[in-house]
Amino acid sequence: MLVKLTSKSSLTEHQVTDENIYHQRRAILKQLGFLGAGALVAGVSPQSYASWFSDDEKPSFATKSLNYKPADNAAGQILTTEKKVTTHNNFYEFGSQKHQPVELSQQFNVKPWQLSISGECDKPFTLDYDELFTRFPLEERIYRLRCVEAWSMVIPWLGFSLASLIKQASPNSKAKYVAFETLYDPEQMPGQANRRLGGGIQYPYTEGLRIDEAMNPLTLLSVGLYGKTLPPQNGAPIRLVVPWKYGFKSIKSIVSIKLISSPPQTTWNKLAPQEYGFYANVNPQHDHPRWSQASERRITGSGVFSSQRIETQPFNGYGEQVAHLYKGMDLHKYY
Ligand SMILES: Nc1nc2c(c(=O)[nH]1)N[C@H]1C(S)=C(S)[C@@H](COP(=O)(O)O)O[C@H]1N2
Ligand SMILES: [Mo]
């Protein structure tokens, strides 16, 4: 996400990491296959990393296979490669440059984990790490992810509807909005400890939805991608995916889901309200103040069209399922 930073505080690679060290480390990571699909390469024992990486740089996060009901890709969408999905990320808690989350998050400890659902409901509860994968049957969903920065990917997520989780909590009549919060742990998340690395945003990262948006069947809580548990850079162990909204709504590494009666504060809206609205529905007719939203760069990560400019669709192409939620609303006012 592009932040309006004054020239004094604006970030460059050189300021975050000395350029030579940066390139050297990239070369090593590449050699080891770390910038590829998997975190560990067959034949390279974890010990061999020891001489190259200091303790907090060892790429050691292990994902594991999940059981799930596969998606049918009837539309024949070309998936973005797993390598691209897991190395080109926005996750400011691990650095505001696209390559940083994968490089700085491999030591992220997701066990134990606690996700609480609370607030305006009769049956609040907490899920521990294992329950994230067992409480609800997992299904695969192939969704387009449209970042507000005008690039997009197609990602095979694994997860379950947010609606099924909310229903189990028995919301009461005051539950009009849902507030989400990412883990706050500056010891594990270097972007939370360092204002520059973290892009100057206030942590914990928070997001929100209207209750009817949250209950829409498209709204997914994701615990995996490409058949496995999420790697840290994509929001392990559980993150939101709201495919008709700009990517920043899809909050990562969630610890709290709260049912509330009035609109929650959201991270990007708080930082730059004239640029990032609460709704953030993908809308090619409503430009960002600093760039057009009419088209996007579709990143597939492979082939001739590894990065192709295409037209952006209203509601990211999911209008049939969600346009009714905004009937009668002025979508320029409620951007
Ligand atoms: N906690 C948290 N969640 C976040 C972000 C972030 O910086 N922190 N970035 C958002 C943005 S801008 C995008 S585009 C998506 C990117 O998801 P991906 O890296 O899995 O593709 O995550 C969103 N969720
Ligand atoms: Mo984004």
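The space taken by ligand 1 is the largest cavity in this predicted model. A cavity here is a set of points, on a 1 Å grid over the protein atoms alone, where a 1.4 Å probe fits but cannot get out, and a molecule sits in one if more than half of its atoms lie within 2 Å of its grid points. Before going on, some bookkeeping: residues are numbered from 1 along each chain as its sequence is written, while chains are lettered from A and ligands numbered from 1 in the order in which they are written. Because the model is predicted, local features need pLDDT of at least 70 and side-chain atom pairs count only at pLDDT 80 or more, whereas totals for chains, interfaces and linings use all residues; side-chain values use heavy atoms, with hydrogens and water left out.

Back to the ligand. It is surrounded by 18 residues, and N89, Y92, E93, S250 and K252 are the closest; to be counted, a residue needs a heavy atom within 4 Å. Several polar contacts can be picked out (pairs of N or O atoms within 3.5 Å). On the side-chain end, an N or O atom of N234 sits 2.9 Å from an oxygen atom of ligand 1, and a polar atom of R239 is 3.0 Å from a ligand oxygen. S250 uses its backbone instead, with a polar atom there 2.9 Å from a nitrogen atom of ligand 1. On its own, ligand 1 exposes 530 Å², and the protein buries 100% of that (accessible areas by the Shrake-Rupley method, 1.4 Å probe).

Now for the sheet. Five strands make up an open sheet with mixed pairing, in the order β2-β1-β10-β5-β6. Strands are DSSP runs of E with at least two residues, helices are runs of H or I with at least four, and both are numbered from the N terminus; two strands pair if DSSP finds at least two bridges between them. The edges belong to β2 (125–128) and β6 (206–210), each with a single partner strand, so one side of each has no neighbour in the sheet. Direction ignored, neighbouring strands are turned by 15° against each other on average, using axes fitted to C-alpha atoms.

Most residues other than glycine have a negative phi, and most peptide bonds are trans. The bond from K111 to P112 is cis, with omega near 0°, and P112 lies in the loop between α5 (100–104) and β1 (114–119). A236 and P237 are also joined by a cis peptide bond, with omega about -5°; P237 is in the loop between β8 (228–229) and β9 (239–241). Finally, Y226 has a positive phi near 45° and is found in the loop between β7 (220–225) and β8.

Terms used. Axes are lines fitted to C-alpha atoms, for helices over the stretch in contact, and angles run from 0 to 180 degrees between N-to-C directions. A polar contact is a pair of N or O atoms within 3.5 Å; within protein, one must be able to donate a hydrogen and the other to accept it, and residues adjacent in sequence count only if both atoms are side-chain atoms. On a 1 Å grid over the protein atoms alone, a cavity is a set of points where a 1.4 Å probe fits but cannot get out, and a pocket is an open set with protein on both sides within 12 Å along at least five of seven lines; lining residues have an atom within 4 Å of a point.
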